[in-house]
Amino acid sequence: MSFSQSTQLSHEREEPVLLHVWMASCRMRELCCPEVPGPEKRESPPGKISNQLPVSLSPHWSSVSSQKIKNMVKLQLPNRGLEDRIPSHAELEVLEKEEADSRPKWDNKAQYMLTCVGFCVGLGNVWRFPYLCQSHGGGAFMIPFLILLVLEGIPLLHLEFAIGQRLRKGSVGVWSSIHPALKGVGIAAMLVSFLVGLYYNAIIAWAVYVTSTLPYVVLTIFLIRGLTLKGSTSGIVYLFTPNVTELADPGTWLDAGAQVFYSFSLAFGGLISFSSYNSVHNNCEKDALIISVINGLTSVYAATVVYCIIGFRATERYDDCFDKNILTLMNAFDLPEGNVTQDNFEQMQQLCNMTDPTLFASLKFESCNLESFLNDGVEGTGLAFIAFTEAITKMPVSPLWSILFFIMIFCLGLSSMFGNMEGVLVPLQDLNIISSKVPKELVTGLICLVSYLVAFIFVLKSGSYWLALFDTFSGSIPLLIIAFFEMFSVVYIYGIGRFNKDIEFMIGHKPNIFWQITWRVISPLIMLVIFFFYFVVTVNKELLYSVWNPSYEEFPKTEKVKYPSWVYAIIVILAGVPSLAIPVFAIYKAIRNCCQKRSDRTGLMIATSETSINGNLKYSA
């Protein structure tokens, strides 16, 4: 490098500083001296910093300043080198043709849509959604769920489809292309996919002795059969009757938000990978709307089917409770069989009390309330594998219904696991952790083997408690944080203007006002509010879990027990590690860049100024 080149490079590095000084000077004059003529009417001696751009500033920095001002107006953060990291629209067209034979792609649109539906519609729709409905006041949970589905789920689904289709990479590759410091978002999504996949395998394993069939057919069969059972309508009424007091609990909104991400498989990374195999001009907006409607309706439909059976189960328990009380009264007062029924039970109690108050006072009657039996929830998978199966055993031809039920569970879990595996495998390839020479089948087999070994904790005697712990903490807060960073990154780092043009290029029109408002403001704000209130409430709340304890005075109801202290370390790993992957990697990237800049400066000085033998400076190319 020559001295003149070195000097020119030095001036170019000083130009951004001069630019910022000039902009600050202009701003100060506008604020303090409004009567002073504008910069276009003032002149300054050469070499002086004035309201005008210095003559030495190149046109390049003039365009940079213009771009910075535009970014400030659009609330877009600086993102140097973005254009070099992503292909242009013209390059994208060429790239698609070049990769036609080498890169995997969908055979047809139906294959892609069915794969996405299979990934999104899973076990969460059948056991997790009904369980959360029961935990949060029945229909009250549906209100925040449907609100967040529209304001969070659909916008984020469209965003993931669009950004994956535009950049044609997996989750790690997409976020690294937007900004190298965002690679942690893809890593966090990979970790969550792995953790959720662990206990998904355990749930599927509880049903491996049956074959596969269509879940919707099985759900319809159960609905038709369920509606013929006594008390089924009580369960449906309970499901759609909201307990509005639950809406004031931040935990209800967090669970609803997490369920939206969970049931749509958002923030797992799998959908980004799936959409990257699409044609550049695939209508991702239409896909997002169709899958959102299917997914939302499936959750409500599955909950309706489940609560038909739960209503039948609650009615059976209510009748058994009443029969015991009737038998107690009949045996004590030697009443003829059939004299006491549910309809006249209270009148007969009053009559017996008047006949022999002492004897009546010695009797112990159970509390029989249909509402309490409907409210008697079981934690985690208990709703599907305990309450639902208990009801099935009381149905005629129970083995047939049991086989159909486990066929449905197996099919739903398996289709979701394909997407979870994609969410782990593709990021590992993008991170270059595994050599590209290693066959993909071998890597997949190793991941499955590791998952199999770790998942042994779910088949121990304490397995159901472990599963509830994983489900509660690995599939809630991390998903919320990942989803927030995904949306923030696309809107404010990649740039909403650039994203709008990408979508217009891909589908033929720009996103409408609904997408603009939700992406820019509503969705990120809702996520922040839910996270803040959840954090405040959870810090001050004692964490409890449900235990089946035969010595519990209200058994067979579950007993609430405090978690042992060592479990908090597990919670930090499940919820903290995926969440902290994002800021930790960003900090690491910033420190690394800072060290590289210092190294570059040192290298520049060594390259441009070396001491000669006689003590003078010499400049080398």
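Student: Where does Arg 168 lie relative to the helices around it?
Tutor: This is a predicted model, in which local features need pLDDT of at least 70 and side-chain atom pairs count only at pLDDT 80 or more, while totals for chains, interfaces and linings use all residues. Residues are numbered from 1 along each chain as its sequence is written, and side-chain values use heavy atoms, with hydrogens and water left out. Helices (H or I, at least four residues) and strands (E, at least two) are DSSP runs, numbered from the N terminus. In these terms, Arg 168 is in the loop between helix H7 (139-167) and helix H8 (171-178).

Student: What phi does Arg 168 have?
Tutor: Most residues other than glycine have a negative phi. Arg 168 is buried, with a relative accessible area of 10%, where buried means under 20%, exposed over 50% and partly exposed in between (1.4 Å probe, protein chains only). Although Arg 168 is not a glycine, its phi is positive, at about 55°.

Student: Is Ala 267 buried or exposed?
Tutor: Ala 267 lies in the loop between H12 and helix H13 (270-276), and its phi is near 70°, a positive value in a residue other than glycine. Its relative accessibility is 0%, so Ala 267 counts as buried.

Student: Which angle class describes H12 relative to H23?
Tutor: The axes (lines fitted to C-alpha atoms, for helices over the stretch in contact, with angles running from 0 to 180 degrees between N-to-C directions) of helix H12 (residues 250-264) and helix H23 (residues 513-539) come within 9 Å and cross at roughly 130°. Angles under 35 degrees count as roughly parallel, over 145 as roughly antiparallel, 65 to 115 as roughly perpendicular and the rest as oblique. It follows that H12 is, relative to H23, oblique.

Student: How many charged residues does the contact of H19 with H20 have?
Tutor: Helix H19 (residues 398-430) and helix H20 (residues 440-454) pack at an angle of about 120°, with their axes 11 Å apart. The contact is made by Met 421, Val 424, Leu 425, Leu 428 and Gln 429 of H19 and by Lys 440, Val 443, Thr 444, Ile 447 and Cys 448 of H20. Seven of these residues are nonpolar and two are polar, and the number of charged ones is one.

Student: What distance separates the C-alpha atoms of Ile 496 and Gln 516?
Tutor: Ile 496 is found in helix H22 (residues 477-507), where it is buried, with a relative accessible area of 5%. Leaving aside neighbours within four places in sequence, Ile 496 is in contact with Val 490, Val 491, Gln 516, Trp 519 and Arg 520. Ile 496 and Gln 516 are 20 residues apart along the chain, and their C-alpha atoms are separated by 8.4 Å.

Technical notes:
Contact means heavy atoms within 4.5 Å. Ala, Val, Leu, Ile, Met, Phe, Trp, Tyr, Cys and Pro count as nonpolar, Asp, Glu, Lys and Arg as charged, and the others, Gly among them, as polar.
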